Amino acid sequence: MDWQKFAEEMALLARSLLKQDSVQQTLDEIAASAVKLVDGCDAAGILAVRKGRAVTLSSYGDMVEESDRRQGELGEGPCFDLARRTDEERVFRIVDMTKPQPDWPRYAEAARELGIGSMTGVLLYTHEEDFGALNLYSRRPGTFTEDIATAGWLLASHAAVALADARTIDQLEHALETRHAIGEAMGILRERHGLSDEEAFSVLRNISQHHNIKLRDVAQRVRDKRTDDPA
């Protein structure tokens with residue numbers, strides 16, 4: 001492993017991640033970079049588990065989504081065990097998937113059917129019942145040595161920070177869009193019905209509560225109605 005070259009590529013990746021415009025673009029860049037930067041990695045993906053349900057947030061290469069699906073259906077696999085560990089270990093490494101894996105025999109059989117020879121993964125975050133992991137796959141056994149697993153861990157460390165920032169930015173953008181939509185809807189109600197700001201907001205809030213609809217969706221309906229009937 002050429003660590004100097006890897007460090008230079010990691011620095012470039014860190015800058016690239018910060019330039020992404022959305023959470024999804026950040027995730028996709030992370031998965032693609034894992035395949036590009038980690039020797040022998042044929043595919044990579046980011047798996048999230050939300051209250052026991054497996055969701056593939058991003059994938060690059062074959063086998064990723066099917067591997068995630070099998071782990072979710074079986075309720076077993078290295079990613080699930082990684083999140084359940086109490087020893088604070090954040091990395092798993094399977095040197096040879098062709099050999100018996102007593103901890104998750106059903107998933108191991110499925111992985112062999114998918115052509116997975118070895119894999120490694122790094123826990124990105126945990127939150128109550130939810131967690132996310134960056135997983136790297138190789139078709140060849142013996143690919144992920146300790147050095148390679150360390151490279152994956154370093155990549156995931158950058159990825160976790162970038163993902164946290166991206167999620168925050170996405171939440172802020174969503175909040176701004178919501179505030180803009182509500183403000184525009186209030187303006188429409190003021191203009192059409194001669195209401196004050198407080199009265200217009202109260203109308204939107206009452207509709208939201210009465211019909212159990214998000215306030216932003218109520219605002220969007222008011223805006224859409226104006227577009228359909230500008231008079």
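These are my notebook entries on a predicted protein model.

**Ground rules**

I number residues from 1 along each chain as its sequence is written, and my side-chain values use heavy atoms, with hydrogens and water left out. The model is predicted, so I need pLDDT of at least 70 for local features and 80 or more for side-chain atom pairs, while totals for chains, interfaces and linings use all residues.

**Overall layout**

I looked up the secondary structure first. I found 8 helices and 5 strands. Here helices (H or I, at least four residues) and strands (E, at least two) are DSSP runs, numbered from the N terminus. Along the sequence I read the pattern α-α-β-β-α-α-β-α-β-β-α-α-α.

Next I looked up burial. Of the 231 residues, 41% are buried. Buried means under 20% relative accessible area, exposed means over 50%, and partly exposed lies in between (1.4 Å probe, protein chains only). The accessible surface comes to about 13000 Å². Carbon and sulfur atoms hold 48% of that surface. These areas come from the Shrake-Rupley method with a 1.4 Å probe, and for residues only the protein chains shown count as cover.

I also looked up contacts (heavy atoms within 4.5 Å). Among contacts between residues at least 6 apart in sequence, 57% join residues at least 24 apart.

**Cores**

Nonpolar side chains tend to be buried together in soluble globular proteins. I searched for nonpolar cores: sets of buried Ala, Val, Leu, Ile, Met, Phe, Trp, Tyr and Cys residues joined through side-chain atoms within 4.5 Å. The largest one has 30 residues. Val38, Cys41, Ile46, Leu124, Leu134, Leu136 and Leu155 touch the most other members. Elements that each supply at least two residues of this core include helix H1 (3-18), strand E1 (43-50) and helix H6 (146-193). A second, separate core has 20 residues, including Leu47, Phe80, Tyr107 and Phe131.

Which residues does Ile46 contact, leaving aside its neighbours within four places in sequence? I listed Leu27, Ile30, Val55, Thr56, Leu57, Ser58, Leu124, Ala133 and Leu134.

**Cysteines**

I checked for disulfides, meaning pairs of cysteine sulfur atoms within 2.5 Å. The count is 0. Cys41 is buried at 6% relative accessible area. Cys79 is buried at 0%.

**Surface**

I found a nonpolar surface patch of about 260 Å² made by Trp3, Trp153 and Leu154. Patches are made of residues with over 30% relative accessible area and no salt bridge; like charges are joined within 9 Å, and nonpolar side chains (Val, Leu, Ile, Met, Phe, Trp, Tyr) within 5 Å. Trp3 sits in helix H1. Its relative accessibility is 33%, so Trp3 counts as partly exposed.

I then turned to Arg179 in helix H6. Is Arg179 buried or exposed? Arg179 is exposed, at 60% relative accessible area. Arg179 and Arg216 are 37 residues apart in sequence, yet 8.0 Å apart in space, C-alpha to C-alpha.

**Backbone angles**

Most residues other than glycine have a negative phi. I noted two with a positive one. Met63 has a phi of about 80°. Met63 lies in the loop between E2 and helix H3 (64-74) and is buried at 11%. Asn212 has a phi of about 55°. Asn212 lies in the loop between helix H7 (197-211) and helix H8 (215-228) and is exposed at 72%.

**Salt bridges**

Side chains of opposite charge can pair when their charged atoms come close. How many salt bridges does a search of the whole structure find? It finds 10. The rule is a side-chain nitrogen of Lys or Arg within 4 Å of a carboxyl oxygen of Asp or Glu.

- Arg139 pairs with Asp42 at 3.7 Å, N to O. Arg139 is in the loop between E5 and H6 and Asp42 in the loop between H2 and E1, so this pair ties together parts 97 residues apart in sequence.
- Glu76 pairs with Arg106 at 3.4 Å, N to O. This pair ties together parts 30 residues apart in sequence, because Glu76 is in the loop between H3 and helix H4 (78-84) and Arg106 is in helix H5 (residues 105-113). Glu76 is buried at 11%, whereas Arg106 is partly exposed at 47%.
- Asp197 pairs with Arg190, with the closest N and O atoms 2.8 Å apart.

Last, I noted a network. Salt bridges with shared partners join Glu66, Arg69, Arg70, Glu73 and Glu113.
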